[in-house]
Amino acid sequence: MKLEKIVHSIITILLIIGLYGSGGLVWNEIQTGNGCPKIWIIPACAIVMLCFLISLIVHLFKKYNSIYFVFTGLALIIAIIASVIQFNGLGECPKLDNGTPMCYLSFVLFSILITLKILLIKISETNQK
């Protein structure tokens, strides 16, 4: 039971960190119109922020895991595509002050969030037996 609470808390913290980071990009996009790349006309950072927000809400309700996986999966796909584009020099992701592309961090973060949620589900199922 304790491990379940720890994993749940870690997921919550990571989602809040992601929401904060993507929120900063969205705010920059609102102010400058050039904060992050666009998918059609929608800023990718806004889509990712929405994915963090919906995933956080669903996670806190401890229900609807499929919705969690749809939105974390969508954001992971966006992060993979953006990372490939960044790595091949075909486009630019927003960067941290130290020059690290944020799409790389998003890829790692969503990979961890998906893995931890799978672990949490397995732990919960084991505790119910």
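A search of the whole structure, a predicted model, returned two salt bridges (a side-chain nitrogen of Lys or Arg within 4 Å of a carboxyl oxygen of Asp or Glu). Local features need pLDDT of at least 70 and side-chain atom pairs pLDDT 80 or more, whereas totals for chains, interfaces and linings use all residues of this predicted model. Residues are numbered from 1 along each chain as its sequence is written, and side-chain values use heavy atoms, with hydrogens and water left out.

Glu 29 is buried at a relative accessible area of 10% (buried means under 20% relative accessible area, exposed over 50%, partly exposed in between, with a 1.4 Å probe and protein chains only). Lys 38 is partly exposed, at 38%. The other pair is Glu 92 with Lys 95. Their closest N and O atoms lie 2.2 Å apart. Glu 92 is exposed at 54% relative accessibility, and Lys 95 is partly exposed at 35%. Side chains of opposite charge can pair when their charged atoms come close.

The largest nonpolar core contains 21 residues (a nonpolar core is a set of buried Ala, Val, Leu, Ile, Met, Phe, Trp, Tyr and Cys residues joined through side-chain atoms within 4.5 Å). Val 7, Ile 11, Leu 15, Phe 52, Tyr 68, Phe 110 and Leu 113 have the most contacts inside it. The elements giving two or more residues to this core are α1 (2-32), α2 (44-61), α3 (65-87) and α4 (102-128) (helices, H or I, have at least four residues and strands, E, at least two; both are DSSP runs numbered from the N terminus). The most comes from α4, with seven residues. Leu 113 is in contact with Ile 11, Leu 14, Leu 15, Phe 52 and Tyr 68, leaving aside neighbours within four places in sequence (contact means heavy atoms within 4.5 Å).

Helix α2 has 18 residues. Its first and last C-alpha atoms are 26 Å apart, close to the 26 Å expected at 1.5 Å a residue (the expected span is 1.5 Å times one less than the number of residues). Buried residues of α2 include Ala 44, Cys 45, Ile 47, Val 48, Cys 51 and Phe 52. Ser 55, Leu 56, Val 58 and His 59 are also among them. The buried residues of α2 pack against α1, β1 (38-39), β2 (42-43), α3 and α4. Ser 55, in α2, has 0% relative accessibility and counts as buried. Beyond its neighbours within four places in sequence, Ser 55 is in contact with Leu 15, Tyr 68, Phe 71 and Thr 72. Lys 62 follows α2 and has a positive phi, near 55°.

Helix α3 has 23 residues, which should span 33 Å at 1.5 Å a residue. The end C-alpha atoms of α3 are 32 Å apart, which agrees. Its buried residues are Tyr 68, Thr 72, Gly 73, Ala 75, Leu 76, Ile 78, Ala 79, Ser 83 and Gln 86. The cover over these buried residues of α3 includes α1, β1, α2 and α4. Gln 86 lies in α3 and is buried at 11%. Leaving aside neighbours within four places in sequence, Gln 86 is in contact with Gly 91, Glu 92, Cys 93, Lys 95, Pro 101, Cys 103 and Tyr 104. Two of these contacts, Glu 92 and Lys 95, form a salt bridge with each other. Gly 89 follows α3, with a positive phi near 70°.

A nonpolar surface patch is formed by Ile 80, Val 84, Phe 107, Val 108 and Ile 112 (patches are made of residues with over 30% relative accessible area and no salt bridge, like charges being joined within 9 Å and nonpolar side chains, Val, Leu, Ile, Met, Phe, Trp and Tyr, within 5 Å). Together these residues have about 380 Å² of accessible area (Shrake-Rupley method with a 1.4 Å probe; for residues, only the protein chains shown count as cover). The elements giving two or more residues to the patch are α3 and α4. Helix α4 gives the most, with three residues. Phe 107, in α4, is partly exposed at 36% relative accessibility.

Thr 115 is also in α4 and is exposed at 52%. Thr 115 and Leu 3 are 112 residues apart in sequence. In space, their C-alpha atoms are 15 Å apart.
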